[in-house]
Amino acid sequence: HVLACGRSRQWAAFDMHAGRAVMLPGVIGREEAGFRELLPSPDGKNLCMISESGALLLLSAKTKQLIGTLHASQATVKYGGCQSAAFTADGGLLFAAGASGSVQVWDVARRCCVHTWRDQGGVRCTRLAVSPSSNRLAVGSDSGAVNLYETASVLSSSDPSPIKEFLNIRTAITQLGFNSTS
């Protein structure tokens, strides 16, 4: 499937094998104005949609039905909710960041926040990326800073130190990614 969402309530699933598109009228049980982002989990079991309000909606990849709403911390909600999210390679954890600079770590199976930590350089986190091996996490901010962390350190500390800081970008970070060998 190819999935698409935008700033409206509707989103689409394109079945490439059957050659058809299915327009979905939103997420049943939610009154969202639109969606910022749609993330499939690497294990193929779940989808995470970030709504315009900053809510994290967890859906079944198979049925496209809501299976849980992950509620951001009060500090994150105060500043517009979740801005970016990223799954670990096994789909077991979901990192979510917002304008407050805090990053929440969600256990997807239990649908609960298992840890919260603060990005050292982030006034407003705009983008997250997890390496294919899940051993590194990159956090981008609206100031243009990108911090690279060891995943083990962010899972064990509320104020981890990045292993590398990239401070020479002068515009907000809107995309981040790792190459396949990282």
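Three strands make an open sheet here, in the order β1-β2-β3 with antiparallel pairing. Strands are DSSP runs of E at least two residues long, numbered from the N terminus, and two of them pair if DSSP finds at least two bridges between them. This is a predicted model, so local features need pLDDT of at least 70 and side-chain atom pairs count only at pLDDT 80 or more, while totals for chains, interfaces and linings use all residues. Residues are numbered from 1 along each chain as its sequence is written, and side-chain values use heavy atoms, with hydrogens and water left out.

**The β1-β2-β3 sheet**

- An open sheet with the order β1-β2-β3 has β1 (2-5) and β3 (20-24) at its edges; each has a single partner strand, so one side of each is left without a neighbour in the sheet.
- From one strand to the next, the twist averages 20°; angles run from 0 to 180 degrees between N-to-C directions, with axes taken as lines fitted to C-alpha atoms.
- Strand β2 covers residues 11-15 and pairs with β3 in the antiparallel sense over five bridges.
- Look across from Phe 14 and you find Ala 21 in β3.

- Val 2, Phe 14 and Met 16 make a nonpolar surface patch of about 270 Å².
- Patch residues have over 30% relative accessible area and no salt bridge; nonpolar side chains (Val, Leu, Ile, Met, Phe, Trp, Tyr) are joined within 5 Å, like charges within 9 Å.
- A salt bridge puts a side-chain nitrogen of Lys or Arg within 4 Å of a carboxyl oxygen of Asp or Glu.
- The areas come from the Shrake-Rupley method with a 1.4 Å probe, and for residues only the protein chains shown count as cover.
- Val 2 belongs to strand β1 and is partly exposed, at a relative accessible area of 40%; the cut-offs are under 20% for buried and over 50% for exposed, with partly exposed in between.

- β5 spans residues 46-51 and is mostly covered, with six of its six residues buried.
- Both faces are covered: Asn 46, Cys 48 and Ile 50 are buried on one side, and Leu 47, Met 49 and Ser 51 on the other.
- On one pairing, β4 (residues 35-40) runs antiparallel to β5 over five bridges, and Phe 35 has Ser 51 as its bridge partner.
- The β4-β5 hairpin has five residues between the strands, and Gly 44 there takes a positive phi near 80°.
- β5 also pairs with β6 (residues 56-60), again antiparallel over five bridges, with Cys 48 opposite Leu 58.
- The hairpin of β5 and β6 has four residues between the strands, with Gly 54 at a positive phi near 95°.

- Another open sheet has four strands in the order β8-β9-β10-β11, with antiparallel pairing.
- Its edge strands, β8 (82-87) and β11 (112-118), each pair on one side only.
- Neighbouring strands of this sheet are turned by 25° against each other on average, direction ignored.
- β9 (residues 93-98) and β10 (residues 102-107) pair antiparallel over five bridges, with Phe 95 opposite Val 105.

**Thr 174**

- Thr 174 sits in the segment after β15 (164-166) and counts as exposed at 53% relative accessibility.
- Its C-alpha atom is separated by 9.9 Å from that of Cys 125, 49 residues apart along the chain.

Methods: Buried means under 20% relative accessible area, exposed over 50%, partly exposed in between (1.4 Å probe, protein chains only).
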